Amino acid sequence: QVQLVESGGGLVQPGDSLRLACAASGRAVSATAMGWFRQAPGKEREFVAAISRSGTGSYHADSVKGRFSISRDNAKNTVYVQMNQLKPDDTAVYYCAARYSGSSTAYYATALDYNYWGQGTQVTVSS
């Protein structure tokens, strides 16, 4: 079992930056690949970024590529997403997800790939 707690959300203006954090705890956290997803009101949950359990492999959705960057600190059991140049379209609840992975370099870009989810943190981008 893995428990995930997100933090770092808030209300920002267009063009601002935020860094979300996801603290993981539980069994064999270092063996998990992790990802970030988001869900805006009335929309489906969508993939944002994913990272392998070693941190050497990562992937970002086209909608955030060049603006967002996922990273992890395995010593702290924490995954981050640095979000720059935020736009109103980035407004959503952001969720962290995890799954055990036998590969140190594999990452996963669909929600069905993940077994464990956090409660989410709200990000609102508005002037």
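## Basis

The model is predicted: local features need pLDDT of at least 70, side-chain atom pairs count only at pLDDT 80 or more, and totals for chains, interfaces and linings use all residues. Residues are numbered from 1 along each chain as its sequence is written, and side-chain values use heavy atoms, without hydrogens and water.

## Ring pairs

Rings of Phe, Tyr and Trp (its six-membered ring) pair if their centres lie within 6.5 Å; planes under 30 degrees apart count as stacked, over 60 as edge-to-face and the rest as tilted.

F37 and Y114 form an edge-to-face pair, because their ring centres are 5.5 Å apart and their planes stand at 80 degrees. F37 belongs to strand β4 (residues 32–39) and Y114 to the loop between β9 (92–100) and β10 (116–117), so the pair ties together parts 77 residues apart in sequence. Strands are DSSP runs (E, at least two residues), numbered from the N terminus. F37 is buried at 1% relative accessible area, and Y114 is buried at 5%; buried means under 20%, exposed over 50%, and partly exposed in between (1.4 Å probe, protein chains only).

The rings of F47 and Y59 are stacked, because their centres are 5.7 Å apart and their planes at 20 degrees. F47 is in strand β5 (residues 46–51) and Y59 in strand β6 (residues 58–60), 12 residues apart. F47 is buried at 14%, whereas Y59 is partly exposed at 34%.

## Cluster and charges

Ring pairs join F37, F47, Y59, Y107, Y108, Y114 and W117 into a cluster. R45 lies over the face of W117, 4.8 Å from the ring centre, and R99 over that of Y108, at 4.0 Å. A charge sits over a ring if NZ of Lys or CZ of Arg is within 6 Å of the ring centre and within 35 degrees of the ring normal.

Notes: Helix = DSSP H or I, 4+ residues; strand = E, 2+ residues; numbered from the N terminus.
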